Amino acid sequence: MINVLVVEDSPAVREFLIHVLGADPGIRVVGTAHDGEEALDAVRRYRPDVITMDIHMPNMDGLEATRLIMETDPTPIVIVSGSTDPHETAMMFRAMEAGALAVLMRPNGIGHPDHETTVQELVQTVKLMSEVKVVRRWPRVRRDAPVPLSMKMGLAYTPAKVRIVAIGASTGGPPVLHTILAGLPKTFPVPVLIVQHMAAGFIQGFVEWLAQSASLPVHVATHGELLLPGHVYIAPDEYQMKVERSGKIALTRDAPENGLRPSVSYLFRSIADNYGGDAVAGLLTGMGRDGAEELRLLKEKGAVTFAQDKDSSVVHGMPGAAIRLDAATFVLPPDKIAAVLTNLANHRSKNGA
């Protein structure tokens with residue numbers, strides 16, 4: 001039985017969440033809180049397995065409550081919101097930076113055609129997050145952290161050219177991507193393509209949040225646009241993203257892969273087909289194994305590949321699968337990835353590629 005604490009300031013929404021969660025035989029709502037201050041007391045009292053957290057609340061908002069809970073009583077937290085306004089969702093991603101595991105839209109009401117689907121998404125997410133072993137939130141990364149000599153020596157693996165970087169991430173990925181993009185210099189010379197598994201409706205807010213600290217322009221990818229050096233492209237909701245030989249992005253409604261659209265596997269395969277060894281690709285924290293086989297394919301074609309290390313991963317599913325397949329040239333913590341990418345890109349320039 002999964003014990004859940006519901007934190008929500010609206011009485012009507014609170015009762016709705018209690019109803020839809022409690023209807024599942026594997027979930028028990030053990031307590032509720034009206035604001036962040038009550039949430040802190042409730043976590044100590046009920047010791048829940050998972051918390052559903054609203055963001056906009058009186059007295060103490062969900063961001064501050066998440067930060068304090070992760071510093072004192074680390075617990076899996078799922079942000080549940082009724083808004084997809086990009087400016088408001090930026091706060092939700094700051095909550096993920098503070099340690100929340102996932103962001104979801106509040107399920108649609110009874111009678112809505114998507115009611116059952118959205119309720120099932122919430123229930124499934126709560127169940128999955130209950131299995132995640134969370135720790136006290138990571139200390140803030142030093143931007144000037146040195147790159148170990150062994151990683152610098154790894155430049156011997158660099159192909160003659162690096163023309164593109166591709167990254168896949170799922171559960172726990174947003175704050176890691178935030179760290180990586182914040183560490184890339186504005187002179188970074190190649191395009192970066194990212195697939196981040198995320199509930200529909202939040203991608204634009206996610207991009208705006210990333211852009212606040214990144215030196216590079218960050219965009220939601222659009223069909224047919226030409227890849228530009230030093231630009232970051234995020235796959236949009238419900239589309240597969242691939243690159244074409246012409247150097248353009250293609251968005252398709254092709255079937256989900258590994259149950260996902262966008263899928264990391266789909267993107268990586270297109271990069272292997274069109275860029276071969278002239279690429280750098282990596283897998284970050286996340287459930288499942290999306291992209292692992294294709295990362296090995298890229299490595300076999302001569303690309304430089306990396307996987308996030310276990311200690312820093314919220315869930316080591318995707319990077320762990322890649323490591324077991326011997327698909328990763330490097331295994332790296334988040335605070336080293338940007339420096340390694342920059343070294344690889346600079347090495348490309350020195351080679352005159």
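I started at S81, which stands opposite M105 in strand 5. Strand 4 (residues 77–81) and strand 5 pair in the parallel sense over four bridges. My rule for pairing is at least two DSSP bridges between two strands. Helices (H or I, at least four residues) and strands (E, at least two) are DSSP runs, numbered from the N terminus.

Before going on, a note on what I'm looking at: this is a predicted model, where local features need pLDDT of at least 70 and side-chain atom pairs count only at pLDDT 80 or more, while totals for chains, interfaces and linings use all residues. Residues are numbered from 1 along each chain as its sequence is written, and side-chain values use heavy atoms, with hydrogens and water left out.

I traced the order as 2-1-3-4-5, an open sheet with parallel pairing. Strand 2 (27–33) and strand 5 are at the edges with a single partner strand each, so one side of each has no neighbour in the sheet. On average, neighbouring strands here are turned by 25° against each other, direction ignored. For angles I use lines fitted to C-alpha atoms (for helices over the stretch in contact), with values from 0 to 180 degrees between N-to-C directions.

Next I looked at what covers this sheet. Helix 2 (residues 36–46) lies across strand 1 (2–7), strand 2 and strand 3 (50–53), and runs at about 165° to strand 1. Helix 3 (residues 62–72) packs on the sheet too, touching strand 3 and strand 4, with its direction at about 160° to that of strand 3. Contact here means heavy atoms within 4.5 Å. In the loop between strand 3 and helix 3 I found N59, which has a positive phi of about 70° although it is not a glycine.

**Helix 1 on helix 5.** I read about 75° between helix 1 (residues 11–22) and helix 5 (residues 115–129), with their axes 10 Å apart. Helix 1 and helix 5 are therefore roughly perpendicular (the word covers 65 to 115 degrees; under 35 is roughly parallel, over 145 roughly antiparallel and the rest oblique). F16, L17, V20 and L21 in helix 1 meet H115, V119, L122, V123 and V126 in helix 5. The contact residues divide into eight nonpolar, one polar and no charged. I count Ala, Val, Leu, Ile, Met, Phe, Trp, Tyr, Cys and Pro as nonpolar, Asp, Glu, Lys and Arg as charged, and the others, Gly among them, as polar.

**Pocket.** Which helix supplies the largest share of the lining of the largest pocket? Helix 5 does, with seven residues. The lining divides into 20 nonpolar, 13 polar and seven charged residues.

**Last check.** A cis peptide bond joins R261 and P262, with omega about 10°. P262 lies in the loop between strand 11 (249–252) and helix 9 (264–275).
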